[in-house]
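Good morning, colleagues. Please look at the sequence and the structure on the screen while I speak.

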Amino acid sequence: MFKIRSEVQFDMAHYLSGYQGKCSNIHGHRYRLIATFAAKELHQEGQLRGMVDDFTVVKQALKEIEDAFDHKLVIEENEEGRRLQQELSGYTVVLVPYRPTAESMAQDIYRRLTAKGLPVYEVELFETPTNSCIYSEVE
C-alpha cells in the first residue's frame, strides 16, 4: 500500500457545551491536522500516473479545512450554541452539528475530505502538541 501525507495548522477556539472542568470556558488551541491518503496501486495512466493522488489537490482540500476553522470560534449547534452565537454577534462563530471535540472534529474532517473524492486513509488532529485523535473508516 502507498500512503501520502499532508499537513496544515490552524488556530481555533471552541466551547464544549455541558462540559464540567477546566475546559468548560471558551478556549483555544493551535491545531495540527495531518491527513493520510492511501492506495493499494498507483494510478496507471493520465495526469495522476504514478501517484496516489495529486499533492496540489490534497493541499487545496486541506487549505479549505484550515480556512473553515482558522481563527474561528466553533460551537455545537444546539440551543445554548445558538444563544452564544447571538450574544457574540460581530465575531466569527461557526456552528457544527456535534460537540467540537478533537474526536468529533477528526471524524468531520475525514468525511469532508472523503466527500471530495480523495482516497482518505486517516486523519490525525492534534489539539495540543502531545494530544491527538486519529480517525479512520478503513478496516
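I shall discuss a pair of packed helices, then a loop residue, a strand residue and finally the cysteines. Please bear in mind throughout that this is a predicted model.

Let me begin with the helices. Two packed helices are described by the angle between their axes and the distance between the axes. Here the pair consists of helix H1, residues 55-69, and helix H3, residues 102-115. Their axes lie 10 Å apart and form an angle of about 135°. H1 is therefore oblique to H3, and the crossing of the two is right-handed.

Which residues of H1 and H3 meet? On the H1 side they are Ala61, Leu62, Ile65, Ala68 and Phe69. On the H3 side they are Met105, Asp108, Ile109, Arg112 and Leu113.

I turn now to the loop between H1 and strand E3, where His71 is located. Most residues other than glycine have a negative phi, and most peptide bonds are trans. His71, however, has a positive phi, near 55°. Is His71 buried or exposed? Its relative accessibility is 59%, so His71 counts as exposed.

The next residue is Val93, which belongs to strand E4, residues 93-96. Val93 has a relative accessibility of 11% and therefore counts as buried. What is Val93 in contact with, leaving aside its neighbours within four places in sequence? The contacts are Leu73, Ile75, Gln85 and Leu88.

I close with the cysteines. A disulfide is a covalent bond between the sulfur atoms of two cysteines. How many disulfides does the model contain? The count is zero. Cys23 takes part in no disulfide, and the nearest cysteine sulfur, which belongs to Cys133, is 16 Å away. The reasoning rests on a cut-off: the two sulfur atoms of a disulfide must be within 2.5 Å. For Cys133, the closest cysteine sulfur is the one in Cys23, and at 16 Å that sulfur is too far for a bond.

The surroundings of these two residues may also be stated. Cys23, at 28% relative accessibility, counts as partly exposed. Cys133, with a relative accessible area of 13%, is buried.

Thank you for your attention.

Conventions:
Residues numbered from 1 in each chain as written. Predicted model: local features only at pLDDT ≥ 70, side-chain atom pairs only at ≥ 80, totals over all residues. Heavy atoms only, no water. Buried < 20%, exposed > 50% of the residue type's maximum accessible area, 1.4 Å probe, protein only. Helix = DSSP H or I, 4+ residues; strand = E, 2+ residues; numbered from the N terminus. Contact = heavy atoms within 4.5 Å. Axes fitted to C-alpha atoms, helices over the stretch in contact; angles between N-to-C directions. Parallel < 35°, antiparallel > 145°, perpendicular 65-115°, else oblique. Left-handed = near helix turned anticlockwise from the far one by under 90°.
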